[in-house]
There are 2 protein chains.
Amino acid sequence: MKKLRRSARLVDMTQHLLAHPHTLIPLTLFSDQYGAAKSSISEDLSIIKEAFEGEGIGLLKTVAGAAGGVKYIPLTPRDQAARFTKELIEQLEKPERLLPGGYLYMSDILGDPATLSIIGKMFASAFAEADPDVVMTVETKGIPLAYATASHLNVPVVIVRRDNKVTEGSVVSINYVSGSSKRIQTMSLARRALAEQSRVLIIDDFMKAGGTIQGMIDLLQEFRAKVVGCGVLVETADASERLIDDYISLAKLKDVDIKEKQIEIELGSYFPREGNE
Amino acid sequence: MKKLRRSARLVDMTQHLLAHPHTLIPLTLFSDQYGAAKSSISEDLSIIKEAFEGEGIGLLKTVAGAAGGVKYIPLTPRDQAARFTKELIEQLEKPERLLPGGYLYMSDILGDPATLSIIGKMFASAFAEADPDVVMTVETKGIPLAYATASHLNVPVVIVRRDNKVTEGSVVSINYVSGSSKRIQTMSLARRALAEQSRVLIIDDFMKAGGTIQGMIDLLQEFRAKVVGCGVLVETADASERLIDDYISLAKLKDVDIKEKQIEIELGSYFPREGNE
């Protein structure tokens, strides 16, 4: 056991808390590790708490009593989230993103760890109270986003496959109708990937009619799991055929003019209406 | 501009450095943000440097001069890496992981953010000097691991697809022969996903004969890209038909006895031979 000065403790405790979000850490863990009195650790934690909350990093919750400790809850302040999303929308509106079929090229954004971590933290903030056991997505493009969200919630990621792979063991498969293309498709999940009665947060990159997400919801019934939330990065605005209605989006694709190469995007339902002004 | 005390600065700077690995941060950014003299910021940084290096978090490199600043390099100490990997191997050797065909069920490990972050940091440590521009993997199971590695290197993730999706724009496809099943398969990558001459780090979860990785290497030639490293979580020990030989593995699957349900795994080439004792 090595003794650390307060300044070194602050650095190491900050690192430890950030690496273990949504995890109750007993004060004794820190006091043992640094050879410091619990009262000193408590003082350290109030300094960290003030800095975390003042700088918009997140909350530090203290749980009193013998089974108590401290828990870091990542939380993105609303104004930070809105500022970031507006910048993201500017990027998304660039005409060169337009792909045949009115799709947007987003793989660069969905592949950048710093951007994903910010978006993942925003979803983790929105669904922290929903207390999910796992984050679920369907392959492929939503996986890094689901992982980023799961990192901030400290829960596992479960990936629904579009085929049945031998390396997963026994799987549960369902057929579903893709809402936009109306094609019948298959999705499957390994039986052992998800415990029964799990609380599931669904995360995906893009939602048109919502057929894929509805498919995931149907699949989850086979596991007797409960969907506690649903978050998508971009939804399309044409909701006339929307299959699901309980979800949060960061951005909403209002209009795509393929001829004029114009893309119009606005803030999604993550932001209450007054935030759109 | 708000003034922060040293203790609050230490917490916030630690957070900022951890969130921006491999990024040169000018001292003026901190001194402007906190309303502190550059000399105070320098003192803060030497405290953080000592704690980061003493606690095995990573290096803090200072670059002098007008264009200078500070850069956090995540680095996992060898003994920490070996201890973690031995625990991981114990988990992997559990008989219930055995799947038909001699495969191992690893989706739980490949879905746990805390575990992935540790493994990703180990790969980022091993390949920090290789200076990759991107991390590449092929869908599906290696994606979270590739993303975790890329996070610690602060470079984008590029995902090779096993089909051609319309939402990616024009793609480059190649056929390759899966080394173990000897089947001809297709993989493709969007033309705009990778700049020419990129330095690429390949990350994957499992390697048998190496056909998939060889396929990625062939595909990269179409982009005139350079493979600067290759890391896999688990390789199989039977190297007689191995197609590639320049790679790092964390663990090596020595033997699978399907009848007796016994799995034998040892440390991989990440660890020099003496580390295996």
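The contact between the two chains comes first: 46 residues of chain A touch 46 residues of chain B, where contact requires C-beta atoms, placed from the backbone, within 7 Å. This is a predicted model, in which local features need pLDDT of at least 70, side-chain atom pairs count only at pLDDT 80 or more, and totals for chains, interfaces and linings use all residues. Residues are numbered from 1 along each chain as its sequence is written, while chains are lettered from A and ligands numbered from 1 in the order in which they are written.

On the side of chain A that touches chain B, two or more residues each come from α1 (6–19), α3 (38–54), α5 (113–126), α6 (143–153) and β6 (157–160) of chain A. Helices (H or I, at least four residues) and strands (E, at least two) are DSSP runs, numbered from the N terminus. The largest share, eight residues, belongs to α1(A).

How are the chains related?

Let us turn to one helix. In α4(A), Ala81(A), Thr85(A) and Ile89(A) are buried, whereas Asp79(A), Arg83(A), Glu87(A) and Glu90(A), on the other side, are exposed. Buried means 20 or more other C-beta atoms within 10 Å of the residue's own, exposed 12 or fewer, and partly exposed in between, with C-beta atoms placed from the backbone. The buried residues of α4(A) pack against α5, β11 (248–257) and β12 (262–267) of chain A.
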